[in-house]
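Please look over the model below.

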Amino acid sequence: MNGIVIVDKPAGWTSQDVTARLRRVFNTRRIGHGGTLDPMATGVLPVFVGRATRGVEFFEHAEKSYEAVLHLGITTDTEDITGTVLERREAAVTREALEAALEAFRGEILQVPPMYSALKVDGQKLCDLARKGREVGRKPRPITIHELELLNLEGSLARLRVRCSKGTYIRTLCKDIGEALGCGGCMEALRRTSAGEYSIDEAVPLERLLEAENPGQFLRDVDTMFRGFPAVTLTPNQEKRCRCGNSFSLRLPEGTYRAYSQAGGFLMLAKVENGVMSTIKSFFEVS
């Protein structure tokens with residue numbers, strides 16, 4: 001089987017747990033996921049099966065959207081509610097004060113990765129060091145918060161909508177917002193509502209997928225992850241050159257394209273520069 005299944009990940013599962021289980025469901029070792037979700041988080045987790053795993057690398061740069069609950073007044077070692085509480089403070093925050101604080105976190109900002117993360121320092125994962133009680137310096141990394149909206153504020157719980165670039169830690173964003181307000185904060189809950197071209201409306205609950213007699217019915221063609229790019233159908237001669245890895249002349253505006261055969265098969269993600277089309281990544285079956 002080949003394709004992409006959009007899983008609605010339940011709480012309590014790691015992203016690796018999901019892919020490990022789906023290896024058995026789809027009876028293949030060629031499987032990967034697009035963007036790690038913390039165990040407590042739920043929502044959109046694209047899983048790539050078979051030849052579709054060639055598309056995983058493109059998901060590294062995909063924008064993602066979330067709905068998060070920020071718990072004001074509580075600081076934890078993991079920056080989310082599952083961690084050890086380090087401090088509790090009064091959180092008498094008004095909607096106006098919170099709205100004002102959010103402004104500083106929109107656009108391009110610097111974020112210090114949390115200790116409880118899979119990032120490596122000198123070959124060791126930060127989370128492994130953190131579990132040993134060690135803390136090491138981390139360099140701030142540039143990220144982009146494209147959208148940050150306050151949906152609701154009830155007492156010390158604030159529901160936020162976030163659309164962000166790769167590499168963004170939402171729990172760190174919650175912690176930093178709490179610090180900016182002077183009361184501290186941590187992430188209470190997190191749900192990913194979109195990843196790249198895929199939204200939560202397209203996602204299949206994991207339980208339904210595991211119980212399905214025909215799980216292949218939920219696989220989407222790999223070209224759906226590139227549906228934001230225009231499509232072009234190649235001539236037989238152009239297709240032959242494509243399959244040989246050669247570039248060829250094509251009168252199209254410069255940019256990125258989905259290239260298809262005359263029969264409608266997805267051949268490659270391609271780029272056009274100076275009237276020449278070349279392969280970014282091929283996706284056709286090799287005979």
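1. The buried residues of helix α4 are I170, R171, T172, L173, C174, K175, D176, I177 and G178. Buried here means under 20% relative accessible area, exposed means over 50%, and partly exposed lies in between (1.4 Å probe, protein chains only). That makes nine of the twelve residues in α4 buried, and the helix is mostly covered. This is a predicted model, in which local features need pLDDT of at least 70 and side-chain atom pairs count only at pLDDT 80 or more, while totals for chains, interfaces and linings use all residues. Residues are numbered from 1 along each chain as its sequence is written, and side-chain values use heavy atoms, with hydrogens and water left out.

2. What covers the buried residues of α4? The cover includes the strands β4 (64–72), β7 (107–111), β10 (141–154), β11 (157–164) and β12 (185–195), together with helix α2 (95–102). Contact is counted for heavy atoms within 4.5 Å. Helices (H or I, at least four residues) and strands (E, at least two) are DSSP runs, numbered from the N terminus.

3. Helix α4 spans residues 170–181 and reaches 17 Å from its first C-alpha to its last, close to the expected 16 Å. The expected span is 1.5 Å times one less than the number of residues. After α4 comes G182, with a positive phi near 85 degrees.

4. How many disulfides does a search of the whole structure find? The search finds zero, a disulfide being a pair of cysteine sulfur atoms within 2.5 Å. C164 does not pair because its sulfur is 11 Å from the closest cysteine sulfur, in C174, too far for a bond. For C242, the closest cysteine sulfur is in C244 at 9.0 Å, also too far for a bond. Both cysteines are covered: C164 is buried at a relative accessible area of 1%, and C242 is buried at 2%.

5. Two residues deserve a look at the backbone. Most residues other than glycine have a negative phi. N27 is not a glycine, yet has a positive phi of about 55 degrees. N27 sits in the loop between α1 (15–25) and β2 (31–33) and counts as exposed, at 71% relative accessibility.

6. E79 is likewise not a glycine and has a positive phi, of about 70 degrees. Its place is in the loop between β5 (74–76) and β6 (85–88). Is E79 buried or exposed? E79 is buried, with a relative accessible area of 7%.
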